[in-house]
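Let's take a walk through this model together. Have the sequence and the 3D view open as you read.

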Amino acid sequence: MFIKKQKRSSSPWGGVSTFLSRRRGFLVFMTLFLFVITSTEAQCSMCRAVLESEADGKTAEGINNGILYLMAIPYLIVGGLFFFVYRRLRKSN
């Protein structure tokens, strides 16, 4: 039985070219993503107009609490997921 040897890359850089092509694709994606964001900033002026028209500031407080709530939930979900994975991996050792 003969074992077939894998050919080594003749390039001294090995898999660097694959890494760079992935990195280039990521940079192109992020550049396009940043161009799309500029058209979505228009919503801020509408929120600002509503918040400035309120005299007592209750609406602004409600908006701020809503933003904090929406921001915290994904962090709690991901943190809980990592906690359970960590606990499971620790049990298996």
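We'll start with the overall layout and then look at some aromatic residues.

This is a predicted model, where local features need pLDDT of at least 70 and side-chain atom pairs count only at pLDDT 80 or more, while totals for chains, interfaces and linings use all residues. Residues are numbered from 1 along each chain as its sequence is written, and side-chain values use heavy atoms, with hydrogens and water left out.

The protein has 3 helices and 0 strands (DSSP runs numbered from the N terminus: H or I of at least four residues for helices, E of at least two for strands), giving the pattern α-α-α along the sequence. Mean pLDDT, the predictor's confidence in each residue from 0 to 100, is 76 for the protein, with 68% of residues reaching 70 or more.

How much of the protein counts as buried? Of its 93 residues, 0% do (buried is under 20% relative accessible area, exposed over 50%, partly exposed in between, with a 1.4 Å probe and protein chains only). Phe 33, in helix 1 (residues 16–37), is partly exposed at 41%.

Now for the rings: the structure holds 1 aromatic pair. Phe 83 and Phe 84 have ring centres 5.5 Å apart and planes at 65°, so they pair edge-to-face (centres within 6.5 Å; planes under 30 degrees apart are stacked, over 60 edge-to-face, the rest tilted; rings of Phe, Tyr and Trp, its six-membered one). Phe 83 is partly exposed too, at 45%.
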